Amino acid sequence: MTASNKCLPFSLLRPLVWAAAIAIHSASAQVPDAAASREDMVALGKRFNSAEELYQYLQQQAGSNTGLTWQTLPDWRGVYSMDLRQTGLAYDTSQAPGQLPPAKLIPEQQAILEERVRLAQQGIEFDPLGRCEPPGAPRGVSEPFLREYAVTPEQTWLMNEVAAETRRIYTDGRQHLAPDDRFPTFDGDSIGFWHEGRLVIHTNQLRAGMYQRSQPNYSDDIELVEIMQKADERTLIAHVWAFDPQYLLEPWYTRKTYLKLTDPEKQLRIHYWYCFDNQNNDVQEQEDGSTQFKDFDFD
Amino acid sequence: MNRQFLLAAFLLLSAPVFGHHSTAMFDATKTITVTGTVKEFQYSNPHSWLIVEVRADDGSVVTWGFEAEGPTTLMRSGIRKSTLPAGTRLTITGHPMTDGRPAAAWVTAVLENGTELNPRNGFVPR
């Protein structure tokens, strides 16, 4: 056989080329996994005008492969905690030392953020959690205490030790409440679907809050898209996009890492979190916006 | 040094203690160290308090409170409720209150046998 005989005619190659192209497209258009880069996820968010559009896009990418059965449950058992080695309590894990949070805020909110940080530097700061409010969403993704997950085909519960909070993600095919029936809450209303071990979540109906202490505010127009997936036996990754047409000039993306804790003696467990169980934990906001303990009882 | 940098540097300073409230009532730039006897270990959410009686040279006793994180973080640090029964002698260091009251954010404590107890070790992944 001559060298020329080894080459297939293009007419025969064309189907192979198409198949390869489709395979490449499919690979690049899938629902992002835990390994997806920050840069790609930031760019993905910017392609959409709203969280709903991004969520619908992800649904399209998943196609009909969105089911979860009792036989295909991912193993999210155990007790987890946020990896504080990234950037401490900062909401955005890309926040570099010496930098403010990288959110693209409208000027008014940027000014509020800078003033908040300036005052905190002077000891003038009050955290709404001091009133025993739950962190809610999206703030809850940046709390440093324990987390547990309960996964079923129809619902997944994201449980946070702080204020004994539970976010329910409905994956049974239901839709959000009708627009006229919606009302803002700390954790909003979350629907989602599973795709190849990834939990994709859309959350609306949230109430205004702040991303974390010394971080920006969000409005009650904020909506979230999250993708959560185990990267390995110990590591759970969450991609989180916040769309807030009132306060953000573009979607704000963060990537959170939660680590499964080793607990061979099974001593770790989430207990109820009520701020006033101990009188010494009672703090009050002062007139100047600072925080002070009420009355100590050390007797 | 510009204003942006000063603001941002502050953002990444570690808080004296993690929990549900601002920690601005503690002076994170100062520490106090006292030696005394555990009166009570209030093991509670969202913060625990170690109550320590400190005897002064003139014989008077001042009761101090040292705030730490809640039980699960303490357990991750190896500090159980039974670790510090009433009567335990220790030397404890904390960031004091800015208003002068005898309370502080617990940084570390050393027992008479040399064991060191740091509540924030609980945040180290293991």
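Predicted model: local features only at pLDDT ≥ 70, side-chain atom pairs only at ≥ 80, totals over all residues.

1. Make-up of chain B. The secondary structure of chain B consists of two helices and six strands, and these follow one another along the sequence in the pattern α-β-β-β-α-β-β-β. Of the 126 residues in this chain, 44% are buried. When contacts in chain B between residues at least 6 apart in sequence are considered, 55% of them join residues at least 24 apart.

2. Strand pairing in chain B. Strand 1 (residues 32–42) and strand 4 (residues 89–96) of chain B run antiparallel and are joined by six bridges, and within this pairing B:Thr37 has B:Arg89 as its bridge partner in strand 4. Strand 4 of chain B also pairs with strand 5 of chain B, again in the antiparallel sense, over seven bridges; here the bridge partner of B:Leu90 in strand 5 is B:Leu111. Strands 4 and 5 of chain B form a hairpin with six residues between them, and in its turn B:Gly100 has a positive phi of about 90 degrees.

3. Where the two chains meet. How many residues of chain B are in contact with chain A? There are 34, and they are in contact with 46 residues of chain A. Helix 1 (3–11), strand 2 (47–55), strand 3 (61–69) and helix 2 (71–76) of chain B each supply at least two residues of the side that touches chain A, with the largest share, seven residues, coming from helix 1 of chain B. By class, this side of chain B has 18 nonpolar, 14 polar and two charged residues.

4. The largest nonpolar core. This core has 78 residues, and those touching the most other members are A:Leu224, A:Trp241, A:Ala242, B:Leu50, B:Phe66, B:Ala104 and B:Trp106. Its largest share, six residues, comes from strand 5 (residues 103–111) of chain B. Leaving aside neighbours within four places in sequence, B:Phe66 is in contact with B:Trp49, B:Leu50, B:Val52, B:Ile92, B:Gly94, B:Ala104 and B:Trp106.

5. Helix 4 of chain A. The twelve residues of helix 4 (residues 51–62) of chain A should span 16 Å at 1.5 Å a residue, and the end C-alpha atoms are 17 Å apart, which agrees. Its buried residues are A:Ala51, A:Leu54, A:Tyr55 and A:Leu58; seen down the helix axis, the buried residues of helix 4 of chain A fall within an arc of 100 degrees, so they line one face of the helix. The buried residues of helix 4 of chain A pack against helix 3 (38–46), strand 6 (198–204), strand 9 (223–230) and strand 10 (235–243) of chain A. Just after this helix, A:Gly63 takes a positive phi of about 60 degrees.

Key:
Residues numbered from 1 in each chain as written. Chains lettered and ligands numbered in written order. Core = buried A, V, L, I, M, F, W, Y, C linked by C-beta atoms within 7 Å. Buried ≥ 20, exposed ≤ 12 C-beta atoms within 10 Å, placed from the backbone. Helix = DSSP H or I, 4+ residues; strand = E, 2+ residues; numbered from the N terminus. Contact = placed C-beta atoms within 7 Å. Expected span 1.5 Å × (residues − 1). Arc of directions from axis to C-beta. Nonpolar A, V, L, I, M, F, W, Y, C, P; charged D, E, K, R; others polar. Pairing = 2+ DSSP bridges.
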